[in-house]
Amino acid sequence: MSSRPLEITPVEEWGFFTLPRPMIIAGPCSAESEEQVMETARGLHDLGIHVFRAGIWKPRTHPGSFEGVGAPGLKWLQKVKHEFGMKVGTEVASAKHVFECIKYGVDIVWIGARTTANPFLVQELADALQDTDIPVLVKNPVNPDLDLWIGALERLNRARIRKLGVIHRGFSTSEDILYRNDPQWKIAIELRTRYPGLPFFADPSHMGGSRKYLLELSQTALDLGLEGLMIESHCHPECALSDSAQQLTPEGLREMLGKIVVRDKDSDSPTYREGIDQLRAQIDIIDEGLLYSFSSRMNVSRKIGQYKKEHNIAILQTSRWDSLLGSMIEKGRAYGLSEDFIRAVFNAIHDESVRTQNQILSE
Ligand code: PEP
Ligand code: MN
């Protein structure tokens with residue numbers, strides 16, 4: 001599906017982050033008390049973090065869990081701004097939240113995963129934020145639906161919000177996986193490919209659900225070329241009222257960030273360029289060869305379709321397909337190709353082949 005263009009103000013022009021990458025947004029899952037907010041912010045400010053996050057209104061699964069301190073916590077964020085000169089941000093889920101944030105001078109807001117999944121709420125937020133100049137970061141919806149995510153961006157953009165970015169926090173799943181949410185990086189890659197200019201953050205805290213996964217998830221995000229990270233940090237994570245297991249102290253964050261390898265997005269160095277250009281030229285030739293092979297294969301598929309039609313034979317012979325796929329997986333393995341890859345490629349080829357043959361049959 002082709003996407004409508006978004007009008008985006010480059011993140012460098014927001015005046016929020018110091019370059020180079022990664023841009024970091026850090027702070028506790030929830031603002032709990034003035035002391036906790038100030039102590040955490042002090043620690044993060046000492047690390048050189050410029051953007052402080054804290055949840056004021058918390059979307060919790062069960063009623064009766066800590067649901068955030070509400071508007072009074074915004075005064076503490078104001079204090080963080082004044083005392084440390086940091087930018088402050090929180091999650092908004094209703095027009096009322098937005099108006100409170102405007103009142104207290106919140107610098108940046110994000111839309112949480114549960115809210116992105118609801119177009120009514122996103123529209124309400126877009127209307128409330130219209131023409132405010134407050135940057136808005138949109139977390140992916142809880143379900144792996146890229147169009148729903150893009151739809152939210154379009155709604156905000158139509159309300160003339162151009163300081164717009166995204167946060168990839170992974171997707172809910174019923175599968176038994178290592179992480180709290182399934183990263184499904186391919187969805188992030190697809191969004192990045194469609195909107196290369198869209199500021200892109202990853203949230204390894206909600207993705208991993210445990211501080212032990214923060215480093216590997218952050219590294220993957222940065223290796224994919226994402227601009228920054230939103231990470232939960234609490235001065236005393238063990239006492240946190242929400243998301244205790246995934247938060248780390250400012251000191252822990254310093255250590256973790258120190259271990260990340262930040263690779264350049266690209267390079268103009270002549271030696272690098274020469275090497276990469278040669279390799280890319282090889283890829284281009286191979287890709288053309290692939291196109292030629294696909295086309296030859298489809299020509300044979302068409303002949304088979306014609307032949308089956310003449311003999312009044314059904315298109316799909318699943319046993320033939322199963323044995324072909326099995327043998328390709330086997331051969332692919334000998335070439336060092338993974339089963340998942342072979343399955344994906346040959347299923348796509350098979351689908352196209354069946355579609356073509358069906359067309360012939362109905363002609
Ligand atoms: C959060 O950032 O604290 C939060 C609730 O995240 P998410 O919307 O990704 O669950
Ligand atoms: Mn949280």
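Predicted model: local features only at pLDDT ≥ 70, side-chain atom pairs only at ≥ 80, totals over all residues.
Modeller: Buried means under 20% relative accessible area, and exposed means over 50%.

Biologist: What can side chains of opposite charge do when their charged atoms come close?

Modeller: They can pair. In this structure the count comes to 20 salt bridges.

Biologist: Which residue does Glu100 meet in a salt bridge?

Modeller: Its partner is Lys103, at 3.8 Å from N to O. Glu100 and Lys103 are three residues apart in helix α3 (residues 95–103), so about one helical turn separates them.

Biologist: Is Glu100 buried or exposed?

Modeller: Glu100 counts as buried, because its relative accessibility is 16%. Lys103 is exposed, with a relative accessible area of 60%.

Biologist: Which parts of the chain does the pair of Glu34 and Lys79 link?

Modeller: The closest N and O atoms of that salt bridge are 2.6 Å apart. The pair links distant parts of the chain, with Glu34 in helix α1 (residues 34–47) and Lys79 in helix α2 (residues 73–84), 45 residues apart. Glu34 is partly exposed at 28% relative accessible area, and Lys79 is partly exposed at 33%.

Biologist: Where do Glu339 and Arg343 lie?

Modeller: Both are in helix α13 (residues 339–362), four residues apart, about one turn of the helix. Glu339 is partly exposed, with a relative accessible area of 33%, and Arg343 is partly exposed, with 35%.

Biologist: Which residues are linked with Glu339 and Arg343 in a network of salt bridges?

Modeller: Glu330 and Arg333 are linked with them in that network.

Methods
Residues numbered from 1 in each chain as written. Chains lettered and ligands numbered in written order. Heavy atoms only, no water. Salt bridge = Lys/Arg side-chain N within 4 Å of Asp/Glu carboxyl O. Helix = DSSP H or I, 4+ residues; strand = E, 2+ residues; numbered from the N terminus. Buried < 20%, exposed > 50% of the residue type's maximum accessible area, 1.4 Å probe, protein only.
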